[in-house]
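These notes are meant for a colleague who is opening this entry for the first time. Please keep the structure in view while reading the points below.

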Amino acid sequence: MSISYGDPFDTLLNLQRALEARRTNEWLQDSTTSMGPFPPINVFQRGDDLVAVVELPGVNKSDLEVQVRENTVRISGKKAVGYEQGISVHRRERLSGDFDRTLRLPLQIDPAGVKAEYRDGILALYIPKAESEKPKTIKIK
Amino acid sequence: MAAQQEMQVQNKQEANQREESTIHGRAFLPLTDIYETEEALTLVMEMPGVEKRGIDVSLQDDVLRVQGRIDFSKYEGLRPVYTEYNIGNYSRSFRVSSTIDQAKISAETKDGVLSLVLAKAEKAKARTIEVKSAG
């Protein structure tokens, strides 16, 4: 099911429902290895390719590293939450620390073609499928 | 050390507002740090995916309301195959004391984090009271 954008009024709701429906999907189960489950990742398909969207608010681009090897993508870095001196803290909900997460995709990807974009606390990884994964139409004689 | 600890995912909490939103769909509470200095009250809110123009801040009747709209048109043509979090607009309100100088609220956003600095009104700043001896 692709998200329908025919009616802008329902767009957000449809998107939220589609995201919720895939939370029980077992597609990547046991294939994300890491120090911890942070950061959370959503994986989408666009045409033949995959798009992984990762929420990393407050992470500086220079503290973020993405490595690709065979069919794994590793996202690591640190999130710092700094306070000035001489303040009194009223509420503290944001967490900080190091993170390291590897996403192992259950298909062959083209490591050289992976593109990463970081904006407004969101990391988007564009992951093209390897040519060998793409279906070929067999001509029937 | 705190910096070495394993980071856990902080699941998004749904915003539960007194008034209903005019946009249907779910809204989430941004994770917020609040601290105070002698001069100001600072709120730091995590709103990943919210651009500068998607932020709305208002202060009325001592209630500070912050809203962040995400641009979900970016998700057009994407078919979810595996998801760990939901997305939505952000919304949160705080009751602040009337000692905030309304004209002096500044906002800045960086890497999906909004920093709001609410300057205190002159009368609200702490004064040192000199104790006179009644000698």
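1. In the largest nonpolar core, which counts 43 residues, the members that touch the most others are V51(A), A52(A), V54(A) and M45(B). Strand β3 of chain A, residues 49-55, supplies the largest share of this core, namely five residues. Please bear in mind that this is a predicted model.

2. One of those members, M45(B), deserves a look at its surroundings: once neighbours within four places in sequence are set aside, M45(B) is in contact with P30(B), T32(B), V66(B), V113(B) and L114(B).

3. Apart from neighbours within four places in sequence, its contacts are A52(A), V66(A), V68(A), L103(A), V114(A), L125(A) and I127(A). Between V73(A) and P111(A) there are 8.8 Å from C-alpha to C-alpha, although the two are 38 residues apart in sequence.

4. An open sheet is built from five strands with antiparallel pairing, in the order β6(A)-β2(B)-β3(B)-β9(B)-β8(B). Its edges are β6 (88-92) of chain A and β8 (100-110) of chain B, and since each has a single partner strand, one side of each is left without a neighbour in the sheet. On average, and with direction ignored, neighbouring strands of this sheet are turned by 15 degrees against each other.

5. Within chain B, the antiparallel strands β2 (residues 31-36) and β3 (residues 40-46) are joined by six bridges, and I34(B) stands opposite L43(B) of β3(B).

Technical notes. Residues numbered from 1 in each chain as written. Chains lettered and ligands numbered in written order. Predicted model: local features only at pLDDT ≥ 70, side-chain atom pairs only at ≥ 80, totals over all residues. Core = buried A, V, L, I, M, F, W, Y, C linked by C-beta atoms within 7 Å. Buried ≥ 20, exposed ≤ 12 C-beta atoms within 10 Å, placed from the backbone. Helix = DSSP H or I, 4+ residues; strand = E, 2+ residues; numbered from the N terminus. Contact = placed C-beta atoms within 7 Å. Pairing = 2+ DSSP bridges. Axes fitted to C-alpha atoms, helices over the stretch in contact; angles between N-to-C directions.
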